[in-house]
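Thanks for making the time this morning.

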Amino acid sequence: MSARRILALAAAVIALVTVSAIPAQASESGLRERTHARIVVILDDAVNSGLYSVAQENYVSSALLPVYVDPKDLSRKTEERTLEGFWEIITTDTGVTESQAKARLANGATLLRITGDSSDVVQERLYRWLAKPVLAAFLQGQITASESAGLRDDIARAVDRLMRQPGGSDGKVTVSPRRI
């Protein structure tokens, strides 16, 4: 191999390493869109399975973005990982399987009721899971403290709404008190 090719290859490798070492830039709106998309993936699956109505989906997802805003497109793999992560959080340490939880939702139970004594832990895990990128962006200086706090408040509200919604596709929307 010629010296020129070796130098070109070395320069290309250095450029790739440098580009991959630069952290992805995050913005409050980008993080909000991505979190909204993850919540919509979970809710779309629930609506398609007859576990929630479209009205309930809109109520939960509107904690992050208005209902007229289409969710950001996620890759199929990200959607699958999102659903797996969600059900793992719901079933870990709760004594219910995914199929049991879905059956109880279909019969009108709430996730709070399904997760029982573990509901506070499950709600906190869901919140942390969804808010993790927001906290990381704040710690990396990519968003301000007020942007982080506002988005984390909205994530907490969306998780609270999700946990309190009765299952079934009858369109019932349970409005819970706003957490401060």
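This is a predicted model: local features need pLDDT of at least 70, side-chain atom pairs count only at pLDDT 80 or more; totals for chains, interfaces and linings use all residues.

Residues are numbered from 1 along each chain as its sequence is written, and side-chain values use heavy atoms, with hydrogens and water left out.

Helix α2, residues 28-48, packs with α7 at an angle of about 170°, their axes being 10 Å apart. That makes α2 roughly antiparallel to α7, a term for angles over 145 degrees, where axes are lines fitted to C-alpha atoms over the stretch in contact and angles run from 0 to 180 degrees between N-to-C directions. In contact terms, meaning heavy atoms within 4.5 Å, L31, T35, R38, I39 and I42 of α2 meet W129, L130, P133, V134 and A137 of α7.

S61 lies in helix α3, residues 54-61, helices being DSSP runs of H or I with at least four residues, numbered from the N terminus. S61 is buried because its relative accessible area is 5%, and buried means under 20% with a 1.4 Å probe and protein chains only. Beyond residues up to four places away in sequence, S61 touches H36, I39, V40 and L43.

Y52, in the loop between α2 and α3, is also buried, at 4%. Y52 and K172 are 120 residues apart in sequence, yet 8.8 Å apart in space, C-alpha to C-alpha.

Finally, F138 sits in α7, residues 119-139, and counts as partly exposed at 32% relative accessibility, the class between 20% and 50%.

How values were computed: Helices (H or I, at least four residues) and strands (E, at least two) are DSSP runs, numbered from the N terminus. Angles under 35 degrees count as roughly parallel, over 145 as roughly antiparallel, 65 to 115 as roughly perpendicular and the rest as oblique.
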